[in-house]
Every structure is written in structure tokens, then in C-alpha cells.
Amino acid sequence: MRRFLFFILFLAVMAGLGTAWWLHRPLTLKTTPLDLSIEPGTSARGVASAVAAAGVDISPWMLAALFRVTSSERLIKAGSYELEASTTPLSLLRKLVRGEESLLALTLVEGWNIRQVREALRKADLLRPDTAELSELALMDKLGRPIPMPKAAVTWPCCSAPCGPWTVNWQRPGRSGHQAWRSRARMMR
């Protein structure tokens, strides 16, 4: 019986030492630095799978077990992270829980129109183009912003003659007719 208890104690000590070694050993990365992206609402298992899929040589179930044992599976924050060669499983966990995201700079010049802004976003590395397939009008509608219209003289279809030199400031899609235009137009002087 004494030998059995000693053997169990020996196994527990070895498991503890092995776990401590694994927690503090640097991860093997395919590239350095490695970019990791965690989507909002991803579960702890999904995060562990995303880490392995990004190019980290680690067992997803061991990483998910680490998240569960430390009770941090619900504390992991979504975002874009940059992993260095010195990253350990424990430092990765801290980074994900604290939300220490990598930040990228993108310069947008004041006075640019929507086309120039979208072109700059399209050229930016590591940005996911969610709105690339939308036209400018559809994008402005999705944002709930007024659509800028060029200044022009307007004649109303309900009148036989022009109502006067009107300048259209903006219009929301789906609104038409004399009242909708009239409420958003002003007299030129």
C-alpha cells in the first residue's frame, strides 16, 4: 500500500512538473510574428482551434483544457493578436484575457470622398473587406447616413412647370414624391 501511495504521489509530482514546463515553454510558430484573429462569440474550443489553425504547433484540446482549468474561457476577448517567438501558453492566455490586441495604423486624409476612403481601406493589409461588394449608395444606406446628392435644379413631376431653382441637399433612398424632395430642398438666392 505504501508503494502504491508513493507511486501516485510520484505521478502527481511529475504531472505537475510537466504541466509547469509546458506552460512556460515558448510555442513553436510557423512564422514570426504570427497574426491571430479571434471573432466575437467564439467559444474556448474555437479559440484553441483558431490558434492551431493560425500556425501555432499546439494541441487544441490542451489549450482548451488550459482555458477551462483557469476559468478564463468566458473572459477571452475577440480581436487581432500578434504572437512573438517568445509566447508561451500562459502568456498567450494572459494576452487573450486582457485583450492586448495588435494595432495597425491607417491614415485617412481629411477631405477625402467615400471612394478615396474605400480605396485606402481596400489597399490596407490585414483588413477584412466586409463592405467591398456594396456600392457607395448601399454603404451609406447601411450606415443610416444621408446620401449626398449633387446640387441641381429640380422640376417636380407633379407640377406642369418648374417649381423654381431648388438645390437638393440630400435624400434618403426609398423616399420619393414632391413632399420628400420639398422637405429636403432649399431656395437658391
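A residue counts as buried under 20% relative accessible area, as exposed over 50%, and as partly exposed in between. In this predicted model, glutamate 100 has 39% relative accessibility and therefore counts as partly exposed. Its salt-bridge partner is arginine 98, with 3.3 Å from N to O. Arginine 98, at 56% relative accessibility, counts as exposed.

The structure holds 4 salt bridges, including those in the table.

| arginine 68 | glutamate 73 | 3.7 Å |

In the pair of glutamate 73 and arginine 68, glutamate 73 is partly exposed because its relative accessibility is 30%, while arginine 68 is exposed at 56%.

Glutamate 119 and lysine 123 lie 4 residues apart in helix α5 (residues 114-123), so about one helical turn separates them. Glutamate 119 is partly exposed at 34% relative accessibility, and lysine 123 is exposed at 63%. Through salt bridges with shared partners, Glu119, Arg122 and Lys123 form one network.

The remaining topic is helix packing. The axes of helix α2 (residues 44-54) and helix α3 (residues 60-69) come within 8 Å and cross at roughly 135°. α2 is therefore oblique to α3, and the crossing of the two helices is right-handed. On the α2 side the contact is made by Ala44, Arg45, Val47, Ala48, Ser49, Val51 and Ala52, and on the α3 side by Pro60, Leu63, Ala64 and Phe67. By class, this contact has 9 nonpolar, 1 polar and 1 charged residues.

Terms used. Residues numbered from 1 in each chain as written. Predicted model: local features only at pLDDT ≥ 70, side-chain atom pairs only at ≥ 80, totals over all residues. Heavy atoms only, no water. Axes fitted to C-alpha atoms, helices over the stretch in contact; angles between N-to-C directions. Parallel < 35°, antiparallel > 145°, perpendicular 65-115°, else oblique. Left-handed = near helix turned anticlockwise from the far one by under 90°. Contact = heavy atoms within 4.5 Å. Nonpolar A, V, L, I, M, F, W, Y, C, P; charged D, E, K, R; others polar. Salt bridge = Lys/Arg side-chain N within 4 Å of Asp/Glu carboxyl O. Buried < 20%, exposed > 50% of the residue type's maximum accessible area, 1.4 Å probe, protein only.
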